[in-house]
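Here are some exercises to work through with the model open beside you. Try each task yourself before you read its solution.

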Amino acid sequence: QGWGRRAMAAFIANDAKMLKSAYSTTANSIEEGRINLNMKVKGGASWYYGDVYVRLGVDPEPFPPRAGDTLLHMALRHKRSIPFVATLIQLGADKKIKNNS
């Protein structure tokens, strides 16, 4: 499993410990970890994030993102816990949030 699958599993579970584990398992350096954290969702109705691909109407989408979202965008939009969001920021997520609508 790559970053996308591990990060989305932590996101859905709203689990900061799983997020830290995903970060440490998939990144060999701090820079690589930041690249992973700031990866953006690509696509539209069907979308992918890293190695996760979701097809509209076929795959379950409990927390659908918008194109261009980072994990921090998704965490704030879908009201993940304070420890989860704090862990994202602590690990190096870009704190500049732009309106993607």
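Contact, in these exercises, means heavy atoms within 4.5 Å. Keep in mind that this is a predicted model.

**Exercise 1. Find the buried side of helix α5 (residues 82-91), and name helices that cover it.**

Step 1. We need a cut-off: a residue is buried when its relative accessible area is under 20%, and exposed when that area is over 50%.

Step 2. In α5, the buried residues are Phe84, Val85, Thr87, Leu88 and Leu91. Their directions span an arc of only 155° around the axis, which puts them on the same side of α5.

Step 3. Now turn to the opposite face. Ile82 and Gln90 are exposed there, on the face of α5 turned away from its buried side.

Step 4. Last, look for the cover. The buried residues of α5 are covered by parts that include α1, α2 (16-26), α3 (30-37) and α4 (71-77).

**Exercise 2. Follow the ring of Phe11 to its partner Phe63.**

Step 1. How many aromatic pairs does the structure hold? The count is two.

Step 2. In one of them, Phe11 and Phe63 sit 5.5 Å apart, centre to centre, with 80° between the planes.

Step 3. Phe11 belongs to helix α1 and Phe63 to the loop between β3 and α4, so the pair ties together parts that are 52 residues apart in sequence.

Step 4. Is Phe11 buried or exposed? With a relative accessible area of 0%, Phe11 is buried.

Step 5. Ring pairs also bring in Phe84, making a cluster of Phe11, Phe63 and Phe84. Phe84 is one of the buried residues of α5 from Exercise 1.

**Exercise 3. Look at the phi angles of Asn14, Lys79 and Gly92.**

Step 1. Start from the general rule: most residues other than glycine have a negative phi.

Step 2. Asn14 is not a glycine, yet its phi is positive, about 55°. Asn14 follows α1 and lies in the loop between α1 and α2. Its relative accessibility is 28%, so Asn14 counts as partly exposed.

Step 3. Lys79 also has a positive phi, near 50°. This residue is in the loop between α4 and α5, and at 70% relative accessibility it counts as exposed.

Step 4. Gly92, which comes after α5, has a positive phi near 120°.

**Exercise 4. Describe the largest pocket and its lining.**

Step 1. Its volume is about 220 Å³. Of the 13 lining residues, Ile12, Trp47, Val52, Val54 and Pro60 are the closest to the centre.

Step 2. At least two lining residues come from α1 (3-13), and at least two from β3 (52-54).

Step 3. Sort the lining by type: nine residues are nonpolar, four are charged and none is polar.

How values were computed: Residues numbered from 1 in each chain as written. Predicted model: local features only at pLDDT ≥ 70, side-chain atom pairs only at ≥ 80, totals over all residues. Heavy atoms only, no water. 1 Å grid on protein atoms, 1.4 Å probe; cavity = no way out; pocket = protein on both sides within 12 Å on 5 of 7 lines; lining within 4 Å. Points joined across faces, edges and corners; volume = space filled by probe spheres on them. Helix = DSSP H or I, 4+ residues; strand = E, 2+ residues; numbered from the N terminus. Nonpolar A, V, L, I, M, F, W, Y, C, P; charged D, E, K, R; others polar. Buried < 20%, exposed > 50% of the residue type's maximum accessible area, 1.4 Å probe, protein only. Arc of directions from axis to C-beta. Phe/Tyr/Trp six-rings, centres within 6.5 Å; stacked < 30°, edge-to-face > 60°.
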